[in-house]
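Let's take a walk through this model together, one stop at a time. Have a look at it first, and then we'll pick a residue to start from.

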Amino acid sequence: MMLLKYLVLIFAGLSAGGVIAAGVFAFLAIIGVYPRLIGRTHTNSHILLYETIIIIGGILGNISDIYEIPFHIPGQWLSNAFLLVCGLSVGIFVGCLVMSLAETLKALPVISRRIHLAVGLQYLILSIGAGKLTGALIYFAKGFGG
């Protein structure tokens, strides 16, 4: 009976994690991060490679986060070079994410016209930001952040 309980918990945990990961990747694809990178680098013929690398990166990132696998690089010079490449890659990704979100915000006036929102767009944006702030405060106040 106890084994069944653990199997159900494992299945539920893996399913929930898979759904969350798929949602994050879908969000990044919908706001245009990946298409923007592919378009800027003119590598349309390598879309299958992009998909494979995104999936493998997500899986390896989750595994290293869950199991806290140490990653040792021998030598100070090589370690600093690795950190430089990682930092540059993360910076480029965050820049693309910010630009994609900025383009998404440009769509808000179009959405407001389509749903016939005559006044109050600023309150809609403010409520989205306030909700994000409230969620972050609860997340860190309750100790969910580590």
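Start at Val 33, which touches Leu 28, Phe 93, Cys 96, Leu 97 and Ser 100, leaving aside residues up to four places away in sequence. Here contact means heavy atoms within 4.5 Å. Before going on, keep in mind that this is a predicted model, where local features need pLDDT of at least 70 and side-chain atom pairs count only at pLDDT 80 or more, while totals for chains, interfaces and linings use all residues. Residues are numbered from 1 along each chain as its sequence is written, and side-chain values use heavy atoms, with hydrogens and water left out.

Back to Val 33. Is this residue buried or exposed? Val 33 is buried, with a relative accessible area of 0%. For these words, buried means under 20% relative accessible area, exposed means over 50%, and partly exposed is in between, using a 1.4 Å probe and protein chains only.

Now zoom out for a moment. The chain has 6 helices and 0 strands, giving the pattern α-α-α-α-α-α when read along the sequence. Helices (H or I, at least four residues) and strands (E, at least two) are DSSP runs, numbered from the N terminus. Of the chain's 146 residues, 10% count as buried. Take the contacts between residues at least 6 apart in sequence, and 48% of them join residues at least 24 apart.

Val 33 sits in helix H2, where Val 33, Tyr 34, Arg 36 and Ile 38 are buried. The axes are lines fitted to C-alpha atoms, for helices over the stretch in contact, and angles run from 0 to 180 degrees between N-to-C directions. Phe 25, Leu 28 and Ala 29 of H1 meet Val 33, Tyr 34 and Pro 35 of H2. Sorted by class, this contact has 6 nonpolar, no polar and no charged residues. Ala, Val, Leu, Ile, Met, Phe, Trp, Tyr, Cys and Pro count as nonpolar, Asp, Glu, Lys and Arg as charged, and the others, Gly among them, as polar.

H2 (residues 33-41) has another neighbour, helix H3 (residues 47-67): their axes come within 12 Å and cross at roughly 135 degrees. That makes H2 oblique to H3 as well. From H2, Tyr 34, Leu 37, Ile 38 and Thr 41 make the contact, and from H3, Ile 47, Tyr 50 and Ile 54. This contact has 6 nonpolar, 1 polar and no charged residues.

Between H2 and H3 there is a loop, and His 42 lies in it. Its phi is near 55 degrees, a positive value in a residue other than glycine. Most residues other than glycine have a negative phi. At 68% relative accessibility, His 42 counts as exposed.

For a last stop, look for the structure's 1 aromatic pair. The rings of Tyr 139 and Phe 140 have centres 4.9 Å apart and planes at 85 degrees, so the pair is edge-to-face. Rings of Phe, Tyr and Trp (its six-membered ring) pair if their centres lie within 6.5 Å; planes under 30 degrees apart count as stacked, over 60 as edge-to-face and the rest as tilted. Tyr 139 is partly exposed, at 38% relative accessible area, whereas Phe 140 counts as exposed, at 59%.

Key
Angles under 35 degrees count as roughly parallel, over 145 as roughly antiparallel, 65 to 115 as roughly perpendicular and the rest as oblique.
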